[in-house]
Amino acid sequence: MEISPFFFYLFAGIAITFSLFVVFSKSPISSAFSLIVVFFCFAAIYALLEAHLIAALQILVYAGAIMVLFVFVIMLLGADKEVLDFKKSSILLKFSAVLFCGIGVGGFTWVLNHSPILIGAGPHSLEKIKMVGGNTRAISELLFSEYVLPFELTSILLLVGIIGCVAIVKRKSLCVHK
Amino acid sequence: MNMGNMMSFIKPELLVFNNLMFKSSAPYLWVLLGIAFVIVLSVLNKINKKWFVFIFMLVFACLGVRSAFQLMNEPAVLLFNQMLVSDSFGSFFNILFLGSAIITALSSFRYLDKQEIQHPEYYILLLLSSLGMMLMASALDLIVLFIALEIMSLAVYVLVGFRRHDRKSNEAALKYFILGSVASVIFLYGVALLYGVTATTQIREILKHVHASQGAMSPLFVIGVGLILFGFLFKVACVPLHMWMPDVYEGAPAPITGFMTAGLKTAAFAAFIRVFTSLGYGTAFSVQLQNHFHDLLWVFAVATMVVGNLVALLQTNLKRMLAYSSIAHSGYLLVGILSGCLNQEGYAPLLVYLMAYIVMNLGVFAILSFLSSRDDTGLSLYDLSGLSRRHPVFSFCLAVFLFSMAGLPPTVGFVGKYWLFYSAVQAGEVSLVVISVLCSAVSVYYYLRVLVYVYMRDEVSSFGEQRSLSIFYHFAVGLMVICTLQWGLMPSSLLQIAKKVVMSF
């Protein structure tokens with residue numbers, strides 16, 4: 001499948017730029033809003049790959065629900081008062097951070113350029129998805145047959161999160177004395 | 001639209017869940033049922049929650065152990081589109097994880113009373129994290145492995161921070177959460193890269209792919225394997241990825257520290273063995289790639305043993321000392337990984353060592369949970385002065401466990417170390433074994449120093465806090481002492497089990 005290189009590089013570039021904003025921005029609120037842009041760019045890339053359902057879910061779930069939670073938590077904590085100051089970190093730390101990032105980016109570029117892509121199209125090609133009846137149908141069928149175990153385990157993972165939250169915020173102990 | 005003519009991705013054979021599959025997944029189902037049951041119990045108002053939750057957690061964990069024992073001798077069964085396997089290897093580790101959860105619960109019961117943090121969530125999270133560990137040891141798919149890793153880790157993050165009123169515990173939980181998440185993400189990136197190279201996340205399919213290309217893999221594959229390796233080495237706290245461990249061990253409640261040393265590390269090593277052999281380590285890699293990973297692991301093993309043992313020499317807090325000793329044990333276990341593919345016994349010595357390691361650590365931490373005072377202090381060496389006069393039985397047990405950790409006969413620690421190093425010599429890793437034995441000799445100093453304080457120093461007078469003894473401590477510690485000595489004196493049954501388990505896998 002061909003995807004337009006222009007749009008791919010456009011959205012990927014915006015995503016990377018705003019990811020950097022997320023990290024380097026001084027106030028949490030602007031970090032959060034930069035993250036929304038990143039999520040939208042991801043959605044656009046998914047749409048370019050004709051994964052329209054994932055694109056829609058990306059916007060609904062990440063840019064919608066999760067970001068609202070983020071912003072809500074930032075608002076509740078009033079975290080905008082504590083602004084991070086990068087000038088305080090030592091020059092050695094900055095230098096080594098830049099150095100390792102450079103090595104990482106350079107290394108991955110080299111590796112990706114030197115890795116021949118040997119595999120053909122997977123079992124879920126575009127034509128097949130069209131024959132099955134579209135993305136939504138394909139995903140829901142796979143989710144409840146081939147990938148049923150990871151799907152159910154994810155719900156256990158969410159259960160762990162819920163119980164963990166309860167355990168962290170709970171006040172009263174079952175202890176009788178005291 | 002005519003639905004009948006439409007193709008479908010659903011393979012009909014995947015929609016069947018027959019009796020055999022049901023039986024094979026029984027340990028997981030028991031634990032899940034236990035979790036659901038305990039959750040319901042903990043929201044009921046009319047009953048004495050503390051006892052009910054505790055007892056039912058133990059009952060369901062024991063039922064899980066029982067069905068895992070039954071599955072030990074059964075042939076392997078693939079479950080859920082070959083994403084999970086129920087074989088002797090998995091069942092063996094299921095028994096170990098549930099066993100450590102049971103011993104941890106026993107040694108926590110009075111501890112939680114003492115710390116005034118007796119919440120039912122504690123037991124639910126214990127069960128959940130052991131479920132994650134069980135899935136990790138049996139997963140044949142990297143996605144399932146990742147989710148299981150996250151289930152285990154998330155539950156343990158919360159358990160580490162369970163003493164909420166304590167700053168140290170909070171700090172430990174937060175530190176562990178952030179660093180652990182970074183390691184998980186790196187692991188996941190490795191999985192994604194492997195998927196990019198091989199178009200599958202199932203480790204047996206990946207192995208087929210490696211065999212098909214005769215082990216000469218693209219750089220992308222090597223990087224992917226490296227990132228997965230990083231994730232595992234972080235979880236088992238290998239130097240230089242060990243920085244989180246001492247603080248977390250010190251800040252966590254004492255029984256949870258025991259659970260982490262026993263369960264978490266074993267789960268990581270179980271998955272490590274399964275994934276690495278299945279990615280082709282030792283069997284399918286080309287000579288160059290094999291040497292590359294061998295040397296990498298060699299360096300990690302030596303660094304871990306040397307740093308762990310040397311830094312442990314300087315510690316005066318018992319929990320911190322045991323944290324560094326746990327790092328050192330990771331190094332010995334890596335020796336087992338290195339030599340596992342080169343000798344005839346395979347990974348069996350590693351399994352024996354893991355069992356020995358679990359037994360002695362759970363024992364030591366059960367004693368520490370008993371000894372710790374209300375704010376979880378009182379665990380420095382000086383606090384143990386003259387312990388033998390106050391608690392002669394527990395002092396003796398502590399001595400047995402510490403002898404076992406140092407690897408002195410007649411304990412299971414000796415059996416484990418002897419067999420591990422012997423197989424490493426067979427595999428031709430002579431220099432590595434020399435370093436390990438020297439490190440092990442150094443470790444005798446800091447283990448026995450504890451006993452010097454316990455047996456040969458006078459009691460500190462100001463130390464008069466009354467501790468509530470309970471039958472549960474006695475039971476947990478007694479069981480671990482019996483295992484340590486029984487397996488130490490008569491190791492043949494242990495060795496046979498380990499060999500059988502490794503054959504199955």
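**View 1. H13(B) passes H18(B) in a left-handed crossing.** A crossing is left-handed if the near helix is turned anticlockwise from the far one by less than a right angle, and right-handed if clockwise. The model is predicted, so local features need pLDDT of at least 70 and side-chain atom pairs count only at pLDDT 80 or more, while totals for chains, interfaces and linings use all residues. Residues are numbered from 1 along each chain as its sequence is written, chains are lettered from A and ligands numbered from 1 in the order in which they are written, and side-chain values use heavy atoms, with hydrogens and water left out. Helices (H or I, at least four residues) and strands (E, at least two) are DSSP runs, numbered from the N terminus. Helix H13 covers residues 318–340 of chain B and helix H18 covers residues 430–456 of chain B; their axes come within 11 Å and cross at roughly 160°. Axes are lines fitted to C-alpha atoms, for helices over the stretch in contact, and angles run from 0 to 180 degrees between N-to-C directions. H13(B) and H18(B) are therefore roughly antiparallel; angles under 35 degrees count as roughly parallel, over 145 as roughly antiparallel, 65 to 115 as roughly perpendicular and the rest as oblique. H13(B) contributes residues including B:Met321, B:His329 and B:Tyr332 to the contact, and H18(B) contributes residues including B:Cys439, B:Tyr446 and B:Tyr447. Contact means heavy atoms within 4.5 Å. By class, this contact has eleven nonpolar, five polar and no charged residues. Ala, Val, Leu, Ile, Met, Phe, Trp, Tyr, Cys and Pro count as nonpolar, Asp, Glu, Lys and Arg as charged, and the others, Gly among them, as polar.

**View 2. Helices H6 and H7 of chain B cross at roughly 175°.** H6 spans residues 142–160, H7 spans residues 167–198, and their axes come within 9 Å. The two helices are therefore roughly antiparallel to each other. On the H6(B) side the contact includes B:Phe146, B:Glu150, B:Tyr157 and B:Val160, and on the H7(B) side it includes B:Ala173, B:Tyr176, B:Gly180 and B:Phe187. The contact of H6(B) with H7(B) has 16 nonpolar, four polar and one charged residues.

**View 3. The largest nonpolar core has 205 residues.** A nonpolar core is a set of buried Ala, Val, Leu, Ile, Met, Phe, Trp, Tyr and Cys residues joined through side-chain atoms within 4.5 Å. Buried means under 20% relative accessible area, exposed over 50%, and partly exposed in between (1.4 Å probe, protein chains only). B:Phe93, B:Leu125, B:Val160, B:Met260, B:Phe272 and B:Leu334 touch the most other members. Helix H14 (residues 348–371) of chain B supplies the largest share of this core, 19 residues. A second, separate core of seven residues includes A:Ala32, A:Leu35, A:Phe39 and A:Met67. Leaving aside neighbours within four places in sequence, the contacts of B:Val160 include B:Ser169, B:Tyr176, B:Val248, B:Pro253 and B:Met260.

**View 4. B:Leu131 is found in helix H5 (residues 120–138) of chain B.** At 2% relative accessibility, B:Leu131 counts as buried. Beyond its neighbours within four places in sequence, B:Leu131 is in contact with A:Ile156, B:Tyr28, B:Val31, B:Leu32 and B:Ile35. B:Gly346 lies 215 residues from B:Leu131 along the chain, with a C-alpha separation of 27 Å.

**View 5. B:Ile55 lies in helix H3 (residues 49–71) of chain B.** With a relative accessible area of 41%, B:Ile55 is partly exposed. B:Ile55 and B:Val38 are 17 residues apart in sequence and 9.6 Å apart in space, C-alpha to C-alpha.

**View 6. Cis peptide bonds join B:Val239 to B:Pro240 and B:Pro409 to B:Pro410.** For the bond from B:Val239 to B:Pro240, omega is near 5°. B:Pro240 is in the loop between helix H9 (219–235) and helix H10 (244–251) of chain B. Omega is about 5° for the bond joining B:Pro409 and B:Pro410, and B:Pro410 sits in the loop between helix H16 (392–406) and helix H17 (412–426) of chain B.

**View 7. B:Glu116 and B:Ala199 have positive phi values.** Phi of B:Glu116, which is not a glycine, is about 60°. B:Glu116 lies in the loop between helix H4 (88–115) and H5 of chain B and counts as buried at 17% relative accessibility. Phi of B:Ala199 is near 60°. B:Ala199 is in the loop between H7 and helix H8 (203–212) of chain B and is partly exposed, with a relative accessible area of 32%.

**View 8. Chain A has seven helices and zero strands.** Buried residues make up 24% of its 178 residues. Among contacts in chain A between residues at least 6 apart in sequence, 56% join residues at least 24 apart.
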